[in-house]
Amino acid sequence: MSDEIKGGPGQDTIGCAGCCLALAGAVTAALTWAPLARSSIQGGFEGEHRDLSVLYIDLPLVALGGALVPLGVWALTVRWLRRPWLAAVAAVAAVTLGVWGLTNWWTPYERPEFME
């Protein structure tokens, strides 16, 4: 029995869909992360507590996670179940849970105003 999906889209279409989901996941994660990191980028009162490390440490990790999570779920679901539409639903659910976890768990460090 062949490894191809019978009666479904070709391998190129499945690969392009996975890449599009990875791109959408990275953009969604970065756009969700940006308002949370605003206080670190702009600083507190008069910009005294600025922490730009969120731009070169946290932003790449958030974008990478946003790209790899849906891509991994997509690839595993297509490989195991051989149903691209089900893989797309699983990848969107994984991005949704990942963004929810990002907004609930990750907060940038905010130095208290009274510490100098």
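## H1 against H2

H1 and H2 cross in a right-handed sense. This is a predicted model. The two axes come within 8 Å and cross at roughly 150 degrees. Angles over 145 degrees count as roughly antiparallel, so H1 and H2 are roughly antiparallel to each other.

What classes of residue make up the contact of H1 with H2? The contact has 21 nonpolar residues, four polar residues and one charged residue.

## The chain as a whole

The chain has three helices and zero strands. Read from the N terminus, the order of elements is α-α-α. H1 covers residues 11–42. H2 covers residues 53–81, and H3 covers residues 84–105.

The chain has 116 residues, and 28% of them count as buried. Take the contacts in the chain with a separation of 6 or more: 67% of them join residues 24 or more positions apart.

## H2 against H3

Two packed helices are described by the angle between their axes and by the distance between those axes. For H2 and H3 the angle is about 150 degrees, and the axes are 8 Å apart. H2 and H3 are therefore roughly antiparallel to each other. Their crossing is right-handed.

Which residues of H2 meet H3? They are Val62, Val69, Pro70, Val73, Trp74, Thr77, Val78 and Leu81. On the H3 side, the partners are Pro84, Leu86, Ala87, Ala88, Ala90, Ala91, Ala94, Val95 and Leu102. By class, this contact has 16 nonpolar residues, one polar residue and no charged residues.

## H1 against H3

H1 and H3 pack at an angle of about 15 degrees, with their axes 10 Å apart. Angles under 35 degrees count as roughly parallel, so H1 and H3 are roughly parallel to each other. H1 passes H3 in a right-handed crossing.

H1 brings Ile14, Leu21, Gly25, Thr28, Ala29, Thr32, Trp33 and Leu36 to this contact. H3 brings Pro84, Ala88, Ala91, Val92, Val95, Val99, Leu102 and Thr103. The residues divide into 12 nonpolar, four polar and no charged.

## Pro70, a buried proline in H2

Pro70 lies in helix H2. Is Pro70 buried or exposed? Its relative accessibility is 0%, so Pro70 counts as buried.

Leaving aside neighbours within four places in sequence, Pro70 is in contact with Leu21, Ala22, Gly25, Gly65, Ala91 and Val95. Leu21 and Gly25 also belong to the H1 side of the contact with H3. Ala91 and Val95 are among the H3 residues that meet H2. Pro70 and Ala90 are 20 residues apart in sequence, yet their C-alpha atoms are 8.0 Å apart in space.

Thr77 is found in helix H2. Thr77 has a relative accessible area of 11% and is therefore buried.

Not counting residues up to four places away in sequence, Thr77 touches Arg82, Leu86, Ala87 and Ala90. Arg82 is in the loop between H2 and H3. Most residues other than glycine have a negative phi. Arg82 has a positive phi, near 55 degrees. Its relative accessible area is 32%, so Arg82 is partly exposed.

Ala88 is placed in helix H3. At 26% relative accessibility, Ala88 counts as partly exposed. Not counting residues up to four places away in sequence, Ala88 touches Leu21 and Trp74. Leu21 is one of the H1 residues that meet H3, and Trp74 is one of the H2 residues that meet H3.

How far is Ala88 from Val78? Their C-alpha atoms are separated by 8.9 Å, and the two residues are 10 apart along the chain. Val78 is among the H2 residues in the contact with H3.

Key. Residues numbered from 1 in each chain as written. Predicted model: local features only at pLDDT ≥ 70, side-chain atom pairs only at ≥ 80, totals over all residues. Heavy atoms only, no water. Axes fitted to C-alpha atoms, helices over the stretch in contact; angles between N-to-C directions. Helix = DSSP H or I, 4+ residues; strand = E, 2+ residues; numbered from the N terminus. Parallel < 35°, antiparallel > 145°, perpendicular 65-115°, else oblique. Left-handed = near helix turned anticlockwise from the far one by under 90°. Contact = heavy atoms within 4.5 Å. Nonpolar A, V, L, I, M, F, W, Y, C, P; charged D, E, K, R; others polar. Buried < 20%, exposed > 50% of the residue type's maximum accessible area, 1.4 Å probe, protein only.
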